[in-house]
Amino acid sequence: EKIVVNEQTIKNQNFYEKAVIDEACNILNISEKDLATKGYYIFSYMDKTAQNSLLSSVNNAEFYHQNEYGNIADSAGIIIDNKTGGILAFGGNSNYDIVQMKRSPGSSIKPILVYAPSLEQGLISPISPILDEPTSFSGYTPQNVGGKYYGYISATESVEKSLNIPAIKIMKVTGIEKCKKMAESCGLKFDKNDKNYALALGGLTRGTTVKELVNTYLPFSNNGEYIEAKFIRKICDKNGNVIYSNDERKISVMSPETAYLMTEMLESGVKKGTSSRLCSLNYQVAGKTGTVGIKNTNLNSDVWSVAYTTKH
C-alpha cells in the first residue's frame with residue numbers, strides 16, 4: 001500500500017496510517033510537520049483484504065453491548081506476516097491512541113515470559129507434572145481464576161487452563177531475570193520496578209502495546225527467530241529515491257525445539273483450552289488468551305486473544 005504523505009494525510013489518518021506516520025517520524029527522526037511538507041512516499045505492508053477483514057471483525061456488533069455500568073469496550077486488532085514481520089492489518093475502535101496505548105497483557109504474556117524460557121533452559125517439558133495448589137510466594141498469594149485448583153497437572157494442561165500458580169512456580173525455578181531476558185530479546189520493554197512474580201501473570205508496571213505483545217509470538221512460528229514487526233516496507237523522497245528500506249532482520253531468540261514445543265502446547269490450548277473458540281477453523285491454530293480482572297467485581301478491564309497459523 002502506497003501512502004503519499006501530505007497535510008491532508010496527517011489530518012485524516014486512520015489507525016493504520018497513524019501507525020505508519022508515527023513509525024516514519026521515528027525512522028527519519030523528523031516531526032509530523034516535516035513529514036507532511038517534504039513530499040515523502042511511504043510503502044507500507046498493508047494487505048487490503050486482511051485490513052478489511054480485520055476491521056469487519058473489530059466492528060462486529062458482538063463487541064458493542066453495554067455492560068451493567070453502561071460501558072462499551074474499546075477494541076484493537078493486528079495481523080502480522082510471519083516471514084517478513086510486516087504488519088498486514090491494524091485497526092480498532094477507540095477514542096484513545098491504540099497505536100501507542102499500553103495495557104496489561106494478563107496471561108497472554110505467559111508463553112514468552114514463563115513457558116518458553118523454561119523450555120529453553122530444559123527445566124520443563126510439555127508433560128512435566130506441576131502441583132497446582134494454593135501457594136504463597138514470599139507473601140505474594142495469587143489465585144487461579146475462579147479459585148479452583150487441580151493438583152498435579154502437566155505443563156501443557158497449565159497452558160490450556162491458563163493457571164496462575166503453576167506459571168509462577170515455573171518462573172521461580174527459571175529465574176525472573178532469565179525470563180525477562182528472552183522477552184526483551186523479542187522487543188518487550190520492562191520498567192525498573194518489574195522484578196516480582198506478578199510478571200508471570202502480566203503484571204507489568206507500564207503494560208504493553210498490541211504490536212509489542214503480538215510480536216513476541218513470531219518466534220514460535222519462525223523456528224525460534226524473531227523479526228521486529230514493522231508497518232513500513234520502504235520510504236522514498238519526492239524524487240523517488242529510496243531513503244529507507246526495512247531489512248526484515250531475523251534474530252535467533254530460542255531453539256527450534258523450544259518454538260516447536262511451545263506451539264504444540266498452544267495448539268492444545270485451542271483444541272481444548274481457553275482459546276477453544278478458535279478450534280472450529282479449518283486450519284491449524286495455536287493461541288493463548290489473557291484476561292485482566294477488576295478487583296471486587298466479576299468484570300474484566302482487558303480481554304486478549306493472541307493466536308497464530310503457519311502464515312500469520
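Select F231 first. This is a predicted model. F231 has a relative accessibility of 3%, so it counts as buried, the cut-off being under 20%. Its place in the chain is the loop between β7 (225-227) and β8 (232-236).

F90 and F231 form an aromatic pair, with 5.6 Å from centre to centre. Their planes stand at 85°, and the pair is edge-to-face. F90 belongs to strand β4 (residues 87-93). The pair links distant parts of the chain, 141 residues apart. F90 is itself buried, at 2% relative accessibility.

Next, select Y16. Which helix holds Y16? Y16 lies in helix α2 (residues 15-28). Its relative accessible area is 0%, so Y16 is buried.

Stay on Y16 and show F231 with it. By the ring-pair rule, the count comes to six aromatic pairs. In the pair of Y16 and F231, the ring centres are 5.2 Å apart. The planes meet at 85°, over the 60 degrees required, so this pair is edge-to-face.

Show Y16, F90 and F231 together. Ring pairs link these three into a cluster.

Two stops remain, each with a lysine and a ring.

- Select K161 and Y150. The charged end of K161 sits over the Y150 ring, 5.1 Å from the ring's centre.
- Select K234 and F43. K234 lies over the face of F43, and the distance to the ring centre is 4.9 Å.

Definitions and conventions
Residues are numbered from 1 along each chain as its sequence is written. This is a predicted model: local features need pLDDT of at least 70, side-chain atom pairs count only at pLDDT 80 or more; totals for chains, interfaces and linings use all residues. Side-chain values use heavy atoms; hydrogens and water are left out. Rings of Phe, Tyr and Trp (its six-membered ring) pair if their centres lie within 6.5 Å; planes under 30 degrees apart count as stacked, over 60 as edge-to-face and the rest as tilted. Helices (H or I, at least four residues) and strands (E, at least two) are DSSP runs, numbered from the N terminus. Buried means under 20% relative accessible area, exposed over 50%, partly exposed in between (1.4 Å probe, protein chains only). A charge sits over a ring if NZ of Lys or CZ of Arg is within 6 Å of the ring centre and within 35 degrees of the ring normal.
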